[in-house]
Amino acid sequence: MQLGTRWPARTTPPRAVPDVLHAQIAAVEGLIDERQFALQPTPSWTLTFLEGRAVAELDTGVIVTTDASGEVVVRHDEDDEFA
């Protein structure tokens with residue numbers, strides 16, 4: 001696994017985040033309850049690369065990545081305490 005970067009939700013993703021993930025990242029952020037943003041700290045995304053594919057994970061356990069065919073996949077980390 002290659003470590004990428006972190007950035008706060010509802011801000012522009014860093015250049016390292018592939019363009020193909022941007023729309024789904026924005027869609028996930030649009031579903032976050034406004035009350036979540038009143039809490040501190042603001043949820044952040046973590047970008048890593050697994051087997052050459054970008055994986056963006058929000059602190060809440062939502063994961064945005066691509067599958068083997070390049071299609072964007074959104075899922076929830078079942079191991080996350082918020083699941």
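## The largest pocket

Strands E2, E3 and E4 each contribute at least two residues to the lining of the largest pocket. This description rests on a predicted model. The pocket holds about 200 Å³ of space, and 11 residues line it. Nearest its centre lie Leu 50, Arg 53, Val 55, Thr 65 and Arg 75. Sorted by class, the lining comprises four nonpolar, three polar and four charged residues.

## Overall arrangement

The chain is built from two helices and five strands. Read from the N terminus, these elements follow the order β-α-α-β-β-β-β. Of the contacts between residues at least 6 apart in sequence, 40% join residues at least 24 apart.

## Burial and surface

The chain has 83 residues, and 34% of them are buried.

In soluble globular proteins, nonpolar side chains tend to be buried together. Here the largest nonpolar core contains 16 residues, and those with the most contacts inside it are Trp 7, Ile 25, Trp 45 and Leu 58. Two or more core residues come from each of helix H1 (19-31), strand E2 (44-50), strand E3 (53-58) and strand E4 (62-66).

Trp 45 illustrates how these parts meet. Leaving aside residues up to four places away in sequence, Trp 45 touches Thr 5, Arg 6, Trp 7 and Ala 9, and also Ile 25, Val 28 and Glu 29.

Methods. Residues are numbered from 1 along each chain as its sequence is written. This is a predicted model: local features need pLDDT of at least 70, side-chain atom pairs count only at pLDDT 80 or more; totals for chains, interfaces and linings use all residues. Side-chain values use heavy atoms; hydrogens and water are left out. Helices (H or I, at least four residues) and strands (E, at least two) are DSSP runs, numbered from the N terminus. Buried means under 20% relative accessible area, exposed over 50%, partly exposed in between (1.4 Å probe, protein chains only). Contact means heavy atoms within 4.5 Å. A nonpolar core is a set of buried Ala, Val, Leu, Ile, Met, Phe, Trp, Tyr and Cys residues joined through side-chain atoms within 4.5 Å. On a 1 Å grid over the protein atoms alone, a cavity is a set of points where a 1.4 Å probe fits but cannot get out, and a pocket is an open set with protein on both sides within 12 Å along at least five of seven lines; lining residues have an atom within 4 Å of a point. Grid points are joined across faces, edges and corners, and a volume is the space filled by probe spheres set on the points. Ala, Val, Leu, Ile, Met, Phe, Trp, Tyr, Cys and Pro count as nonpolar, Asp, Glu, Lys and Arg as charged, and the others, Gly among them, as polar.
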